2 protein chains.
Amino acid sequence: MPSAPRPSELRYGIRPTMKDVAAHAGVGLKTVSRVVNREPGVTPETEHRVQASIEALGFRRNDSARVLRKGRTASIGLVLEDLADPFYGPLNRAVEEVARTHGALLINGSSAEDPERERELALALCARRVDGLVVIPAGDDHRYLEPEIRAGMATVFVDRPAGRIDADVVLSDSFGGARAGVAHLIAHGHRRIGFIGDHPHIHTAAERLRGYRAAMAEAALPVAEAWTAPGSTAPGRVAAAAEAMLDDAAEPVTALFAGNNRVTVTLVRVLAARTRPVALVGFDDFELADLLRPAVTVVAQDAAALGRVAAERLFDRLAGARPAAERIVLPTTLVPRGSGEIPPAG
Amino acid sequence: MPSAPRPSELRYGIRPTMKDVAAHAGVGLKTVSRVVNREPGVTPETEHRVQASIEALGFRRNDSARVLRKGRTASIGLVLEDLADPFYGPLNRAVEEVARTHGALLINGSSAEDPERERELALALCARRVDGLVVIPAGDDHRYLEPEIRAGMATVFVDRPAGRIDADVVLSDSFGGARAGVAHLIAHGHRRIGFIGDHPHIHTAAERLRGYRAAMAEAALPVAEAWTAPGSTAPGRVAAAAEAMLDDAAEPVTALFAGNNRVTVTLVRVLAARTRPVALVGFDDFELADLLRPAVTVVAQDAAALGRVAAERLFDRLAGARPAAERIVLPTTLVPRGSGEIPPAG
DNA sequence: AGAGGGTTCGACAACGTTGTCAGAGCCGGA
DNA sequence: TCCGGCTCTGACAACGTTGTCGAACCCTCT
């Protein structure tokens, strides 16, 4: 017996199923399924009756059951390092937008830079049977994903390369960007340039250091041992390293290149406390860099583009494309704003 | 017949099930389930054999089926406005951390400030049967969630109140924060203070405007019509509004209060281009505010705390707590840095 | 030797949905 | 009148897991 929606039929703590709706509307289970999924072959009269029952009971399809039956979840997973890091917000958002155009939801989690947690998260997402996985690696061994990939899990790595496994990777051009940034300092007359970056076991950090060395070598400039300080990005460590380079009695550096935006911000603070101007170029742009005095010259990478390209690659694979695993490198842009154009002092 | 793990048994594009593992290990289906879930009642010998088969076949439990059977998904949904906005990164992360301590995953989506999209997202999450929902409202009518809540979906709103529905809400003290910020300007000698904020139909924006008026009233200061400019936060609109207040021939303002951090940043740019110093206090802190010259005085809200409190409330409800819907208001903090302590010019 | 209790294990149903297939009803044409 | 071919509908199995329950076995005690 069909009936008009009456709130009283909504019951607390009970999830009506298609079976309930079918009974309420006086039709078969499958007919409800057809209406819910807008499948053809239902008379307008029947459809209307079913719709009324759906609203009366407050029915909502249980996607878990649907997923179980269909095998596809219409969702993709994103494992990233830290959602609170402003670099990953736009990346996350870009992945989400691409997913949205494909009708998929995004499930994400932060690894907090912990390889074990990255692994747990990625495998949890696999257990949920997301259709695909975008991973910003924290660890450097991703063989744990091999069974998943083999079983058909499309996977794309972003921002850092995958470790010991053959998979798509989307990266910024760390080497080229750092080389261009350092060359920019050299072009403005600097000869003694310091490099402060992240731990060298992080691939991007190592690449940026390599870019620094390449630029120096191309200008035939020697690099003193004391001028490179890869390591933790903790403000204390970074500040101490900078002070040491700047105050070196014999060969003080006149310019600094920062390996990522956290280092850059720390260096801005250090330099603000000093009288003699020091040139600074940072890898990775950040908000308000243009409002600081001097405004900060940076090598900008396009976080949104990283996310977009990675997600598109993922959906290409989900659509059936089977190209060989590829390394896609996106260009960086040098943005001169002032701090990188300060001439050497003394 | 049990066997040692041999990679060749991993087959492409095939997901082994517990049944496959059971056959491979020569045990019953349920025994595999027991091993996977670490349930007691399996001899070490059997367990070992099953583990070997699991690894040999690359088995991973299908959580969709598990969810279907158990009724709980161990995941919560978060609908927010824009992941790329730096304000929401820490909030998101805080929710995730709380979820993690409860063994739950976070599924999130951006509404892009579009009520219709918020609705779609929230309902999609309900269809996935997330255990609970944290919503940063974009719209102001959430009656669409009533059937879900009635059916047992725990729901907490953050940052802005829910519309036309009775539910938990966690908010920053917009009124009190704005009042304190404006009072701070008054305490530094200002009498003509401008307010530039977001559209007043946004609850927080209206509250902040109310706080501004309260502070002015408490100091017995009149508020000229031209001194309040609620509306779009588009930089052009904000800049024009600021210029108009500052250049008013009769009653130019000597200080500005910004209703949110986007407005603040725009005002910093506007003021940087002017010669006469103008005092500025912004609602909501932002990175590097302390490095600008002058450093920007703000009324800080704790985005992470908003997320944490909301998520904890959610899990309390999931654990069975059934308190009446409540409005939880978190305090704000005035952070004097320089821009808010500039005395009135002229 | 038999009873009693504990441990280990597997057959089976159920979760809510969708795909398959066949039945019922109707129409038009021979 | 009967048949073929539509359209609309529902019964049923299946997806992969977990909860229930009872069977089989081993040990101990009388």
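The model is predicted. Chain A and chain B bury about 5700 Å² between them, and 14 salt bridges are found across their interface. Over all chains, the count of salt bridges comes to 48.

**Interface of chain A and chain B**

- The size of an interface is often given as the accessible area lost when the parts come together.
- Here that area is about 5700 Å², and carbon and sulfur atoms give 53% of it.
- Chain B brings 61 residues to the contact, and chain A brings 61 residues.
- Across the interface, 25 residue pairs are in polar contact, both residues being at pLDDT 80 or more.
- On the side of chain B that touches chain A, at least two residues each are supplied by helix H4 (63–70), H5, S2, helix H6 (115–127), helix H7 (146–150) and helix H11 (261–272) of chain B.
- H6(B) provides the largest share of that side, namely eight residues.
- By residue class, the side of chain B that touches chain A divides into 30 nonpolar, 12 polar and 19 charged residues.

- B:Arg117 and A:Glu97 meet through their side chains in a salt bridge of 3.0 Å, N to O.
- This pair joins two chains, because B:Arg117 lies in helix H6 of chain B and A:Glu97 in helix H5 (residues 88–101) of chain A.
- B:Arg117 has 8% relative accessibility and therefore counts as buried, whereas A:Glu97, with a relative accessible area of 26%, is partly exposed.
- A salt bridge also forms between B:Asp290 and A:Arg269, with the closest N and O atoms 2.2 Å apart.
- That pair runs from B:Asp290, in the loop between strand S9 (279–283) and strand S10 (297–300) of chain B, to A:Arg269 in helix H11 (residues 261–272) of chain A.
- B:Asp290 is partly exposed at a relative accessible area of 30%, and A:Arg269 counts as partly exposed at 37% relative accessibility.
- The side chains of A:Arg100 and B:Glu120 form a further salt bridge at 3.8 Å, N to O.

**Salt bridges within a chain**

- In chain B, the side chains of B:Asp168 and B:Arg317 meet in a salt bridge at 2.5 Å, N to O.
- The pair links distant parts of the chain, with B:Asp168 in strand S5 (residues 168–172) and B:Arg317 in helix H12, 149 residues apart.
- Both B:Asp168 and B:Arg317 are buried.
- In chain A, a network of salt bridges links A:Glu81, A:Asp85, A:Glu113, A:Asp159, A:Arg160 and A:Arg262.

**Helix H5 of chain B**

- Helix H5 (residues 88–101) of chain B has 14 residues, which at 1.5 Å a residue should span 20 Å; the end C-alpha atoms are 20 Å apart, in agreement.
- Of the 14 residues of H5(B), 10 are buried, so the helix is largely enclosed by the rest of the structure.
- Among the buried residues are B:Tyr88, B:Leu91, B:Arg93, B:Val95, B:Glu96 and B:Val98.
- The buried residues of H5(B) pack against elements of both chains: strand S2 (105–110) and helix H6 (115–127) of chain A, and strand S1 (75–80), strand S2 (105–110), strand S4 (154–158) and helix H12 (303–318) of chain B.
- Just after H5(B), B:Gly103 adopts a positive phi of about 70°.

**A:Ala23 in chain A**

- A:Ala23 lies in helix H1 (residues 18–25) of chain A and counts as exposed at 60% relative accessibility.
- Between A:Ala23 and A:Ala319 there are 38 Å in space, C-alpha to C-alpha, and the two are 296 residues apart in sequence.

Notes. Residues numbered from 1 in each chain as written. Chains lettered and ligands numbered in written order. Heavy atoms only, no water. Helix = DSSP H or I, 4+ residues; strand = E, 2+ residues; numbered from the N terminus. Expected span 1.5 Å × (residues − 1). Buried < 20%, exposed > 50% of the residue type's maximum accessible area, 1.4 Å probe, protein only. Contact = heavy atoms within 4.5 Å. Buried area = accessible area lost by both parts, 1.4 Å probe. Salt bridge = Lys/Arg side-chain N within 4 Å of Asp/Glu carboxyl O. Polar contact = N/O pair within 3.5 Å; in protein donor to acceptor, adjacent residues only side chain to side chain. Nonpolar A, V, L, I, M, F, W, Y, C, P; charged D, E, K, R; others polar.
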